[in-house]
Amino acid sequence: MTSAERLAGLCIIALALFYGAHLGETKKNSRKVHKEPDVPFPPARPSTHNLAAICHQGRGRPRYPPSFFPKSGSSHFRRRGHAMNRLESWFRVCCSGHLDEQSSQILCCAQQAWKKALSQFCVEEYSTMTLPYECCENTGEARWSCFDSELPNPNYTSTPGYDAPEIPEEPGFTFDPNTC
């Protein structure tokens, strides 16, 4: 066998491997759809209308442990889930009774927790090589108004029959009553 024949044989094998790689796929495999994790986001700004639900229905709202997400991909959903877990943890601080029982102080705490959790979310969004969540591109009140629009759960309604797993308390939040 000459070297030209060997080269031609290698080219034929290479072409067969290249074009044949997709021949074995079935239609079922080629249509495989990856379901995205369901993380209702963004959370609503705490208000007098949803404060009772924030404080009294927290165990009925979803938490997002690492096992909730696929092993690879979905990093933007992971960041959203982490932001929601963080926020729920900080809401517990506000609603725990450690504060003066005045609802205005509890509301102020919940609003501080909401802004701090979403600010941290934006920091995490900008630490990746992907496009950040659109509201993170805004600053000041424009950012908060953006996050408080198109809400999947504006009233912090609990999920019937759901009991949230224990998620460790998130460090990083201290209520400042002087800013109320």
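This is a predicted model: local features need pLDDT of at least 70, side-chain atom pairs count only at pLDDT 80 or more; totals for chains, interfaces and linings use all residues.
Student: How many disulfides does a search of the whole structure find?

Tutor: The search finds five.

Student: What makes Cys55 and Cys95 a disulfide?

Tutor: Their sulfur atoms lie 2.0 Å apart. The cut-off is within 2.5 Å, so the pair counts as a disulfide.

Student: Which parts of the chain does the pair link?

Tutor: Distant parts, 40 residues apart. Cys55 sits in helix α3, residues 51-56. Cys95 sits in helix α4, residues 75-95.

Student: What is the handedness of the link of Cys55 and Cys95?

Tutor: Left-handed, with -65° about the S-S bond.

Student: Why is Cys55 called partly exposed?

Tutor: Its relative accessible area is 23%. Buried means under 20% and exposed means over 50%. The value for Cys55 falls in between, so Cys55 is partly exposed.

Student: And why does Cys95 count as partly exposed?

Tutor: Cys95 has 24% relative accessibility.

Student: Where do Cys94 and Cys109 sit?

Tutor: Cys94 is in helix α4, and Cys109 is in helix α5, residues 103-126. They are 15 residues apart, and the pair links distant parts of the chain.

Student: Are Cys94 and Cys109 buried or exposed?

Tutor: Both are buried.

Student: Why is the disulfide of Cys94 and Cys109 called left-handed?

Tutor: Because the torsion about its S-S bond is about -75°.

Student: What makes Cys108 and Cys180 a disulfide?

Tutor: Their sulfur atoms are 1.9 Å apart. The limit is 2.5 Å, so this pair qualifies. The torsion about the S-S bond is about -100°, so this disulfide is left-handed.

Student: Which parts of the chain does the pair of Cys108 and Cys180 link?

Tutor: Distant ones, 72 residues apart. Cys108 is in helix α5, and Cys180 is in the segment after α6 (140-147).

Student: Why is Cys108 called buried?

Tutor: Its relative accessible area is 10%. That is under 20%, so Cys108 is buried.

Student: And why does Cys180 count as exposed?

Tutor: Cys180 has 53% relative accessibility. That is over 50%, so Cys180 is exposed.

Student: What is the pairing, numbering the bonded cysteines of the protein chain in sequence order?

Tutor: The pairing is 1-3, 2-5, 4-10, 6-8, 7-9.

How values were computed
Residues are numbered from 1 along each chain as its sequence is written. Side-chain values use heavy atoms; hydrogens and water are left out. Helices (H or I, at least four residues) and strands (E, at least two) are DSSP runs, numbered from the N terminus. Buried means under 20% relative accessible area, exposed over 50%, partly exposed in between (1.4 Å probe, protein chains only).
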